[in-house]
Amino acid sequence: MHAETKQHDFEPKIVAFVCTWCTYAGADLAGTSRMQYPSNVRVLKFPCTGRIDPVFILRAFQKGADGVLVSGCHPGDCHYMAGNFHARRRFAAFRALLSFVGVDLNRLQFSWVSAAEGGKWVDVVTELTERVRTMGPMPEFKELEHEEQWSTFAGASADKVLNSPELKEAYDSIG
Amino acid sequence: MSRIGVFVCHCGENISRTVDVEQVAKAAGEIPGVAYSCDYKYMCSDPGQTLLKKAVAEHKLDGVLVAACSPRMHEKTFRKAAEAAGLNPYLCEMANIREHCSWVHEDRGMATAKAKDIVKLMVERVRKGKSLAPITVPVTKRALVIGGGIAGIQAALDIADAGHKVVLVERDPSIGGHMAQLSETFPTLDCSQCIMTPKMVDVANHPNITLFTYSEIEKVEGYIGNFQVTVKHKARSVDEKKCTGCGVCMTKCPKKKIPNEFDQGHGMRPAIYVPFPQAVPNTPVIDRENCTMFQSGKCGVCAKVCGPGAVDYEQKDTFTVEDVGAIVVATGFKLYTIDRKPEGSPIQGYGEFGYGTIPDIIDGMTFERLASASGPTGGKILRPSDGKEPKQVVFIQCVGSRAREKGISYCSKVCCMYTAKHTMLYHHKVHDGQAYVFFMDARTPGKGYDEFWRRAVEEEEAVYIRGMVSRMYQRGDKIVVMGSDIQVGTQVEIEADLVVLATAVQPQDGADLLAQKLGISYDKYNFYSEAHAKLKPVECATAGIYLAGACQGPKDIPDTVSQASAAAAKVMTLFAKDQLERDPVVAKVNEKYCVGCFACKKVCAYGAIEEKEIRDRQGNLVKKVAYVNPGVCGGCGTCQATCPSKSIELDGYTDEQIMAMIEAL
């Protein structure tokens, strides 16, 4: 298999949240098997998909991800017995919320990739990358980052928010 | 953490071929907080590790990131090196720029950019990392071996001989497995029963071994050093303590025409039976589906003739919980059934071979039984349909194996050798008979193996035809075998009296279900996965669980026995310590913020979360909070993602660390 070296106008940023036991190992297998896939993906390792807080996904979109992949062990194969079931439930609800706030769900992919499925990892990553590439960049969340209420915790504008007249008034009324 | 060191590895050329490692090291050096960065040809080598240790001391580093291979490969190596340099090992992390970058991308520019990003993310992880101390837990020095074939027997005997207690659990009524079914073994033509049965007796008599036959694993809880395994003891309907093994019940049972599984359905057994005369334990079991007493309530002959009164129709399945510190999985294999497509399986059948419809087409294990002195024909080679001695026998190799289009791409490893053995056994017993073998390649690596195969071809007159068989059908009392001979380049047609198929070796039925109970991984064929193909061939990725025999992949007897002894050695290594150090990746509760909703308790698969009462000085209850038992916590972090007040945190994967990594995207 050889990677396509042709130039694209848009290189999407794909973030993958994966569990260490199945998908991370599957991605390792893709490596040891020298399979090729687009280099757009950045992998963040978790012990289990159950550890993945939906907030991480929101934050990834906000920090510039154009597509997010969440991948763990197949149902029933969880190293921690049931973590992926909790993740599945959580993300089923989260998808509905995300769709409600206006995110195209094609940017968010859930999959099960086992430690033996190097080929599936390649397929999943390639498919998502190419899909997001045709969709173009995702500006919505990034713009929100510049607004104060979103970046309070980023630090720089925290003082501005905390010292706003509205908040002062509110504090005074409590006192 | 303000003084981080970044060490970028070339991995010979494995990384540097597609990633500009010098640029990666240079870019890493420019990240705020990185006090030192460098690249080196082999970071994992002794000079590489020395370089790391020296840099820690010289530059007063308080965190280390090694950008190299997968952490699954060398995380331990570098954490040890960091520890030797005086750092807390958990402040050493790895950025995977080999498996996840250099090996999977060809464009140098893109791969280098990705490697820089990976390093940037991981630097944040190191920056927010915390020193952690390993957790010590006691080790229960008692092992569980699952499966009573040669692999399980060998592992159990080795561990027991080392002075540790062993529980051996076997699904069938007797231990022995497939090896007990074989007639002779290659390459020495030893009688299989003669070398197997003494070992079976050793198991039964060993003071350190508790043997549970006709039992299955119901549930597995706990972790390395401290497993709690629930074993289901299926109702035998015969009291093992009372039964003397006299066998009167079997001779008196009126229902005697049940196909015997041990003889591959070619011999008959009664409804109350032992699978074979040398069975261990020699206690019969009632096959309730075929027993008249259980089906119609009228018979009871076996109970009447049993002197000690051991037959008990009321017996029920019982359960025991066994505390063990290590588990050896040795569940073995089954042979591929080729006549039909197994339900729900991607594997295609071999309808064109007529197996299952033509009685004289049999598989290798059935031939073993026909050739065995204890088999249904008393060791005479007689074909199943009419009991005549076959004069032309065709053996077909690679049936199912190495056939991608049929769903199995692997080589079953033992068939070349056992087919060569079969031709010899046949030639020894039917002097005027002729054996033909259709084969793709003869794969005979192993001590004395090629010599054995050559003997079959050169001295024992087996005719080897390189080519495959396309179709077989019955003509009169013969089977017409149509195939090709690719060396001569012609079609071949042989009229055979008997056809023996070397069908593929597959994992046992239910191997996937057992893996799910144990929490170990398996491949797409259901063979169990070892932790590392080369360096950890007997360990599972799940600590404390080891593999032996054909459940991990097709294996012959010498390889199986070697692996079983290796697994036993690993168990003994574990048992050599009284206390075990565990990875401190466990959840902790911030009692200040916890409101005691116990959402975490509901999602915890380990039952590690308890309710703790916080009281003031007068002893009045202030509030209830969650408490995580670190010895029981598995470290999945589901509780943390669930906690509404963010007051529970998994060490090593804190929100702060992950958020910092996302910020660095």
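Biologist: What does the secondary structure of chain A come to, and how should I read the numbering of its helices and strands?

Modeller: Helices and strands are DSSP runs numbered from the N terminus, a helix being H or I over at least four residues and a strand being E over at least two. In chain A, this comes to eight helices and four strands, and along the sequence they follow the pattern β-α-β-α-β-α-β-α-α-α-α-α. Please keep in mind that this is a predicted model, in which local features need pLDDT of at least 70 and side-chain atom pairs count only at pLDDT 80 or more, while totals for chains, interfaces and linings use all residues. Residues are numbered from 1 along each chain as its sequence is written, and chains are lettered from A and ligands numbered from 1 in the order in which they are written.

Biologist: How much of chain A is made up of buried residues, and is A:V70 buried or exposed?

Modeller: The general idea is to count neighbours: a residue is buried if 20 or more other C-beta atoms lie within 10 Å of its own, exposed if 12 or fewer do, and partly exposed in between, with C-beta atoms placed from the backbone. Buried residues make up 45% of the 175 residues in chain A. A:V70, which has its place in strand 3 (residues 67-72) of chain A, counts as buried because it has 25 C-beta neighbours inside 10 Å.

Biologist: Which residues does A:V70 touch?

Modeller: Two residues are in contact if their C-beta atoms, placed from the backbone, lie within 7 Å. Leaving aside residues up to four places away in sequence, A:V70 touches A:F17, A:T49, A:I52, A:F91 and A:F110. Of these, A:F91 is 21 residues from A:V70 in sequence, with the two C-alpha atoms 9.4 Å apart in space. For chain A as a whole, among contacts with a separation of 6 or more, residues 24 or more positions apart account for 80%.

Biologist: How many residues of chain A are in contact with chain B, and what supplies that side of chain A?

Modeller: There are 44 residues of chain A in contact with 42 residues of chain B. Helix 1 (23-32), strand 2 (41-46), helix 2 (54-62) and helix 3 (83-100) of chain A each supply at least two residues of the side that touches chain B, and helix 1 of chain A gives the most, with six residues. To read that side by class, count Ala, Val, Leu, Ile, Met, Phe, Trp, Tyr, Cys and Pro as nonpolar, Asp, Glu, Lys and Arg as charged, and the others, Gly among them, as polar. On that reading, the side of chain A that touches chain B has 22 nonpolar, 13 polar and nine charged residues.

Biologist: Turning to chain B, how do its strands pair, and which strands does strand 1 of chain B join?

Modeller: Two strands pair if DSSP finds at least two bridges between them. Strand 1 (4-9) of chain B runs parallel to strand 2 of chain B, joined by six bridges, and parallel to strand 3 of chain B, joined by five bridges. B:C9 stands opposite B:Y40 in strand 2 of chain B, whereas B:G5 stands opposite B:V64 in strand 3 of chain B. From strand 1 of chain B, B:I4, B:V6 and B:V8 point one way and B:G5, B:F7 and B:C9 the other way, and all are buried.

Biologist: Which residues of helix 1 of chain B are buried, and why are they on the same side?

Modeller: In helix 1 (residues 21-29) of chain B, the buried residues are B:V21, B:V24, B:A25, B:A27 and B:A28. They lie on the same side of helix 1 of chain B because they cover an arc of only 165 degrees around the axis, the arc being that of the directions from the helix axis to the C-beta atoms. What covers these buried residues includes strand 1 (4-9), strand 2 (34-40), strand 3 (63-68) and helix 5 (108-127) of chain B.
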